[in-house]
Amino acid sequence: MTRPHRGTGVPGSSVVPQAGHGLRGSLPPGERLRVLLVEDDEGDAFLVGELLAETNAMIDLLVATSLSEARQRVMGVDCVLLDLGLPDAQGLDGLRQVLEMSSGAAVCVLTGRSDEHLGIVAVAEGAQDYLVKGQVDGVLLARALRYAVERKRADENARRLREVELRQAESARLERGLLPQPLMTTDQVSVHTFYRPGRHAALIGGDFYDVVQTRPDRIEMIVGDVCGHGVDEAALGVELRVAWRALILAGVPDEEVLPALEQVLMSERRLQEIFATVATTRLDLAANRATVRLAGHPPPLLLSGGRVAPVPAKGGLLLGVRPRRTVAFDLEFDTDDWSLLMYTDGLIEGRVGTGDDRLDVSGLTGLLADPANRSVSLAELPAWLVGRAEQLNGGPLADDVAMLLVSRGGGR
């Protein structure tokens, strides 16, 4: 590498066109960069240091004379300036080793006039840029290093964004595939479902629901929540839902369903600390009544006659803690106009105001009793409730939310 006249560059000097560098203008401002020069020629290494020093480029230069030495010094550098002719690696082999050892750093290669074609191949292999020895002055060298770092960062940001987009798309496909379609044919009641994951790393959560009509006048419903938010919890939630549907379709007695479901949970969970809460409802349309069972789950809310009230069923124990039968609560509907809202606790765990108070069952009851929702259709009511809960929370709800709203007649 020959040293050009200070600040003027070598006559006819240039950098490679695909690098996108202009030959005019001052160096773009930025933070100090750490650059590792891998060069076995002491004269060329000295010249690179001189070129950078005379530009006041805010670049700290480290020097390694071989790839083995570079491995010890590459940690924490922003860019590697690599000579393609080293004693322990020649040409593209050296580049591939540097790319492997410095995944977070930009790589800019140095070539001679006679092997400039290697620079083009190096960029195709993953380098951010190449420079030809003797054809660059200090300003262009510093600019090339900064631009290489910025391109590397832009590439990394684009890669991360793409990974997030792919994960979100995968989660959306999983959600569509795993969420059930109500298995019912009756028109005596309408069922509206709602599900929104808490978006922990864009993964679906452990909340689940299902609706199955077993006779012309009987409908079975379940809403449940497996503790946790990852794919394991989501898979366990699906297993519980499928097991519940199988038990219901097989005609297992009502009082035996949740104990059997608990056995599935305890055999399939990956940790003993994993538990689930569940609420089930059996609707007897001919008698206009319901049977509610709770296993550590918040109670359904009954909307009827312009009033809203929690169903006073006993809470019961969580599934997976200590096997115990739940206690059934028989609910008699006074009219043919009612709605029953089943939900997971993600809806009621949001904060209210700036303190530590939570929405809780009482707050959700107040939202449903608010005359403002009278203009909201039953189909839109679950989404409306989530919107109001998020307003009170001051932002999105952290936990997953699943809801079932079953209505008869006018629904209120």
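This report describes the fold, the nonpolar cores and several individual residues of the chain.

The structure is a predicted model, in which local features require pLDDT of at least 70 and side-chain atom pairs count only at pLDDT 80 or more, while totals for chains, interfaces and linings use all residues. Residues are numbered from 1 along each chain as its sequence is written, and side-chain values use heavy atoms, with hydrogens and water left out.

**Overall architecture**

The chain contains nine helices and 17 strands; these are DSSP runs numbered from the N terminus, helices being H or I of at least four residues and strands E of at least two. Of its 412 residues, 47% are buried, where buried means under 20% relative accessible area, exposed over 50%, and partly exposed in between (1.4 Å probe, protein chains only). Contacts are defined by heavy atoms within 4.5 Å. Among contacts with a separation of 6 or more, 70% link residues 24 or more positions apart.

**The parallel sheet**

Five strands make up an open sheet with parallel pairing, in the order β2-β1-β3-β6-β7. Two strands are taken to pair if DSSP finds at least two bridges between them. Strands β2 (59-64) and β7 (129-132) each have a single partner strand and stand at the edges, so one side of each is left without a neighbour in the sheet. From one strand to the next, the twist averages 25 degrees. Strand β1 (residues 33-38) is joined to β2 by six bridges, and Leu 33 stands opposite Ile 59 in β2. Helix α4 (residues 116-125) lies across β6 (106-111) and β7, and runs at about 170 degrees to β7. Such axes are lines fitted to C-alpha atoms, for helices over the stretch in contact, with angles from 0 to 180 degrees between N-to-C directions.

**Nonpolar cores**

A nonpolar core is a set of buried Ala, Val, Leu, Ile, Met, Phe, Trp, Tyr and Cys residues joined through side-chain atoms within 4.5 Å. The largest has 25 residues, and those with the most contacts inside it are Met 221, Leu 283, Trp 338, Leu 404 and Val 406. The elements giving two or more residues to this core are β8 (189-196), β9, β10 (218-226), β11 (276-284), β12 (289-295), β16 and β17 (401-408). Apart from it lies another core, of 24 residues, including Leu 51, Ile 59, Leu 131 and Leu 140.

**Individual residues**

| Residue | Relative accessible area | Class |
|---|---|---|
| Leu 347 | 0% | buried |
| Gln 213 | 15% | buried |
| Asn 288 | 10% | buried |
| Asp 360 | 42% | partly exposed |

Leu 347 lies in the loop between β16 (338-343) and α8 (360-369). Not counting residues up to four places away in sequence, Leu 347 touches Leu 359, Leu 364, Leu 385, Val 386, Ala 389, Leu 397, Val 401 and Met 403.

Gln 213 belongs to strand β9 (residues 207-215), and its side chain reaches the backbone nitrogen of Thr 186 at 3.0 Å.

Most residues other than glycine have a negative phi. Asn 288, in the loop between β11 and β12, has a positive phi near 55 degrees. Asp 360, in helix α8, also has a positive phi, of about 60 degrees.

Conventions
Polar contact = N/O pair within 3.5 Å; in protein donor to acceptor, adjacent residues only side chain to side chain.
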